[in-house]
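Dear colleague,

Please find below the structure that I am handing over to you, with its sequence.

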Amino acid sequence: MILTVTLNAAIDRTMAVPNFRQGNRHRSVESRTLAGGKGINVARALARLGRPVIATGLAGGPTGQRLIEELSEEAILHDVTPIAAESRINLAVVDPTSGEQTEINERGPEVSPGEIDAFLDRLDYLARGASICVLAGSLPPGVELDIYARIVRELRERGVRAGPAAITPNVLEAEELVGHEFEGTGDLASGLAELLDLGAGEAIVTSSEGCVAAVGEPSRRSFYEVRTEPVEPIATVGSGDAFVAGYVAALYDGAAASDCLAYGVACGAESTQHFGAGTVDPEQVERILDQVEVRALEVPAGV
């Protein structure tokens, strides 16, 4: 199985509001409500791609109950640990006339140490039947900042890694991690190397055009730039999560690194044609995949 972990799960509502302006009254022309949080979005895409996946995480209150019901309705296998506090609700407003997107995300519920311990016990049990685990999304209040590191250590002890551990930030997130902006291809390659220096086994930086990546074992590391033909987006909410799902799906199948990246880019691009994060059409993914270009990334001397 593939496991996804969402510690700050949510009910996500996406609304299309033409000519959206702050301070004005509007009527939406389309909306969709789904169980959300990045790990759940990844699980949704993996399920639609036909890969075996279980969505895990924390959920509480009526919102948490609705989240679980939404997962059941979508036939997404789940094993969610209950908490006392109310799970969060997120809102994304997409303006179809301009393509702009506004997101309003709640911080999330307070989580006690005992609830985290209960979740970790459950995750330890599920990990016995897993080969890959995706940790994604923000942390709710009350959770120690090193929780992901703790989970990674414990999962590695169980052998839950079908390949080297990978980090997949978008450009802005990667710039925050390394402390400076990227300008041009050379900066992107140097940025990938800096992310590797921070401890990642592989580094992939996503963008609206595709991704750049440093993948493979240190002795055989390859740098790639992956792009596809731009498509007119309906909504870009969750496109990065769809990329992760595509990459993990191909990795689960045993594909080469370059093919994993290409499939991830195709999934990310196709997801922009739908309302609702993590929604992908496998047939359309294959169509886009034919247009994806993978080439070696030019790496400056000394990197």
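**Findings**

Alanine 75 lies in the loop that connects α2 (61–73) and β5 (78–83). Please bear in mind throughout that this is a predicted model. Although alanine 75 is a residue other than glycine, its phi is positive, near 60 degrees. Its relative accessibility is 63%, above the 50% cut-off, and alanine 75 therefore counts as exposed.

A positive phi is also found at asparagine 19, where the angle is about 55 degrees although the residue is not a glycine. Asparagine 19 belongs to the loop between β2 (10–16) and β3 (30–36). With a relative accessible area of 46%, asparagine 19 is partly exposed.

Asparagine 105 is part of strand β7 (residues 101–105). Its relative accessibility is 46%, and asparagine 105 accordingly counts as partly exposed. Leaving aside residues up to four places away in sequence, asparagine 105 touches Arg88, Asn90 and Leu91. Leucine 91 is 14 residues from asparagine 105 along the chain, and the C-alpha atoms of the two are separated by 6.3 Å.

Among the helices, I would draw your attention to α5, which spans residues 171–178. Its residues Ala174, Glu175 and Val178 are buried. Viewed down the axis of α5, the buried residues fall within an arc of 100 degrees, so they line one face of the helix. Leucine 172 and glutamate 176, on the other side of α5, are exposed. The packing partners of the buried residues of α5 are α6 (184–197) and β10 (202–207).

As regards the protein chain as a whole, 9 helices and 13 strands are present. The radius of gyration is 19 Å, close to the 19 Å that the globule rule gives for 303 residues, so the chain is as compact as a globular protein of that length. Along the principal axes, the C-alpha atoms fill a box of roughly 55 × 50 × 40 Å. Of the 303 residues, 47% count as buried. Among contacts with a separation of 6 or more, 68% are accounted for by residues 24 or more positions apart.

Finally, the surface and the charges. The accessible surface of the protein chain comes to about 14,600 Å², and carbon and sulfur atoms contribute 48% of this area.

With kind regards

Conventions: Residues are numbered from 1 along each chain as its sequence is written. This is a predicted model: local features need pLDDT of at least 70, side-chain atom pairs count only at pLDDT 80 or more; totals for chains, interfaces and linings use all residues. Side-chain values use heavy atoms; hydrogens and water are left out. Helices (H or I, at least four residues) and strands (E, at least two) are DSSP runs, numbered from the N terminus. The radius of gyration is taken over C-alpha atoms; the globule rule is 2.2 Å times the number of residues to the power 0.38. Buried means under 20% relative accessible area, exposed over 50%, partly exposed in between (1.4 Å probe, protein chains only). Contact means heavy atoms within 4.5 Å. Accessible areas come from the Shrake-Rupley method with a 1.4 Å probe; for residues, only the protein chains shown count as cover. The arc is that of the directions from the helix axis to the C-beta atoms.
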